[in-house]
Amino acid sequence: MGNKIVVKGLKKSFGKLDVLNGINIEIADGEVLCLIGPSGSGKSTFLRCLNRLEKITAGEVFVHGENIADSKIDINKMRKNIGMVFQHFNLFPHLTVIKNITLAPTELKIMDKEAAKANGLKLLKRVGLKEKADAYPSQLSGGQKQRVAIARSLAMNPDIMLFDEPTSALDPEMVGEVLDVMKTLAAEGMTMVVVTHEMGFAREVADRVIFMDDGLIVEEGTPEQIFNHPKEPRTIDFLNKVL
Amino acid sequence: MEIIDVISQHYPSFLAALSETIKMTILSLLFATILGTIVGLINISGIKLLKVIGIFYIDIIRGTPLLVQIFVIYYGVAQAFKPMGFSWNPLGGAFTAGIVALTLNAGAYMAEIVRGGIEAIDKGQMEAARSLGLPYGKSMLKIILPQAFRTMLPSIINQFIITLKDTSLISVIGIRELTYNGKIIAANATSKVMAIWLVVAIFYLIICTILSKSAKVIEKKVAYGK
């Protein structure tokens with residue numbers, strides 16, 4: 001035990017296009033894993049396989065010991081424990097901020113309305129947006145939207161959080177506020193898998209950094225190893241371009 | 001003014017006819033909305049067989065005139081199923097047949113509106129809902145449809161107005177709604193034909209205007225975060 005996520009031989013193709021070519025990885029409880037790599041390398045697809053937003057072509061993905069790739073599994077139940085934050089926030093525009101957060105817990109009968117609201121306000125306070133509870137998403141800045149999206153995921157009380165390029169759609173001055181929330185989460189021991197272009201964040205917060213290219217893990221190691229002493233030519237080449 | 005003469009002389013029959021028109025409109029739109037939502041949802045689902053049937057239905061309705069559809073439903077169906085003891089009469093006669101025809105017709109167009117409205121919603125919305133653990137049906141009901149409804153609203157209202165005007169075609173199977181009423185009055189007062197048909201037109205114009213104006217109010221009410 002100790003491993004929250006175990007991925008064995010994960011393959012994913014879209015029609016004839018092979019995106020993931022056999023990923024093997026174990027992610028420990030409380031680990032913060034950052035995925036880096038050029039666009040089209042399969043980072044986001046890999047992340048989306050972890051909660052089966054993408055149908056898994058072959059291989060196994062064990063989350064809490066249960067194989068997500070198995071079509072017989074109750075995927076909705078599994079997803080309650082796996083929060084996900086998207087590049088484009090995907091807040092529900094027809095609902096207020098607080099309703100965005102309380103919808104899933106109340107609809108899934110995890111909490112009654114009042115408890116969900118109290119919890120939602122607590123989460124909003126945590127991401128520094130308590131005063132925005134009754135605003136609509138369209139009234140928020142990008143950074144605020146993403147912080148609400150994080151609070152919405154946390155409302156289900158997940159023990160794994162997936163982040164799919166959470167700061168890529170943000171104006172530069174708003175990146176910091178989102179990363180700060182993520183840092184706090186990491187410090188609290190949340191298991192996190194983060195696809196990111198923020199090398200600074202990966203260096204500072206990650207326990208382990210994975211460099212992906214062509215649907216494979218090319219190199220992995222501590223931030224120190226990957227950023228300061230990369231071994232693979234492709235990693236070196238990539239880091240030269242982005243750093 | 002001949003128009004005022006026509007109204008003051010014939011308003012009881014016009015009001016009765018107006019109520020027939022409104023009744024037919026409301027009933028067929030109600031059923032068409034339900035039918036259209038179901039068919040629209042089927043057509044975006046992955047259920048192949050049902051999808052084929054849904055698309056086939058829409059193609060048939062779109063590819064044939066409403067007038068022919070009315071004849072098929074009223075005369076055709078009555079004849080074809082007569083051996084099985086079917087008749088429109090115990091079911092409400094031409095009135096019911098007319099509503100069935102209008103429902104089937106408007107339902108097909110509504111199905112396309114619903115499908116288009118749902119497909120216009122960013123797919124990230126469904127992904128976000130599903131990633132929270134919400135099942136497909138709940139995500140559709142709570143997240144996708146409320147948003148889709150807002151984008152569909154202008155098209156829905158448009159279809160409502162079309163169906164309202166299409167009730168005039170039901171006159172051919174003998175329902176005394178606004179158009180048929182105009183025909184009867186005009187037949188007995190050939191010198192006032194222009195005034196009579198203008199009165200009929202004004203009645204349609206008034207209810208269509210009321211419908212589209214109240215739609216504007218609804219559209220404003222359901223807009224969010226503006």
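Biologist: What is the order of the six strands in the open sheet of chain A?

Modeller: The order is β6-β7-β8-β3-β9-β10 (chain A), with mixed pairing. Strands here are DSSP runs (E, at least two residues), and helices are runs of H or I with at least four residues, numbered from the N terminus. First, the ground rules. This is a predicted model, where local features need pLDDT of at least 70, side-chain atom pairs count only at pLDDT 80 or more, and totals for chains, interfaces and linings use all residues. Residues are numbered from 1 along each chain as its sequence is written, chains are lettered from A and ligands numbered from 1 in written order, and side-chain values use heavy atoms, without hydrogens and water.

Biologist: What makes β7 and β8 of chain A a pair?

Modeller: Two strands pair if DSSP finds at least two bridges between them. Strands β7 (residues 160-164) and β8 (residues 191-195) of chain A share five bridges, in the parallel sense. Therefore they pair. Within β8(A), Val194(A) is the bridge partner of Phe163(A).

Biologist: Which strands does helix α6 of chain A touch?

Modeller: Helix α6 (residues 172-187) packs on the sheet and touches β3 (32-36), β7 and β8 of chain A. Contact means heavy atoms within 4.5 Å. The direction of α6 makes about 145° with that of β8(A). Axes are lines fitted to C-alpha atoms, for helices over the stretch in contact, and angles run from 0 to 180 degrees between N-to-C directions.

Biologist: Why is Thr167(A) called buried?

Modeller: Thr167(A) has 6% relative accessibility. Buried means under 20% relative accessible area (1.4 Å probe, protein chains only). So Thr167(A) counts as buried. Thr167(A) sits in the loop between β7 and α6 of chain A. Beyond four places in sequence, the contacts of Thr167(A) are Val175(A), Val178(A), Leu179(A) and Glu198(A).

Biologist: How many cavities of 30 Å³ or more are there?

Modeller: Two. A cavity is a set of points on a 1 Å grid over the protein atoms alone where a 1.4 Å probe fits but cannot get out; lining residues have an atom within 4 Å of a point.

Notes: Buried means under 20% relative accessible area, exposed over 50%, partly exposed in between (1.4 Å probe, protein chains only). On a 1 Å grid over the protein atoms alone, a cavity is a set of points where a 1.4 Å probe fits but cannot get out, and a pocket is an open set with protein on both sides within 12 Å along at least five of seven lines; lining residues have an atom within 4 Å of a point. Grid points are joined across faces, edges and corners, and a volume is the space filled by probe spheres set on the points.
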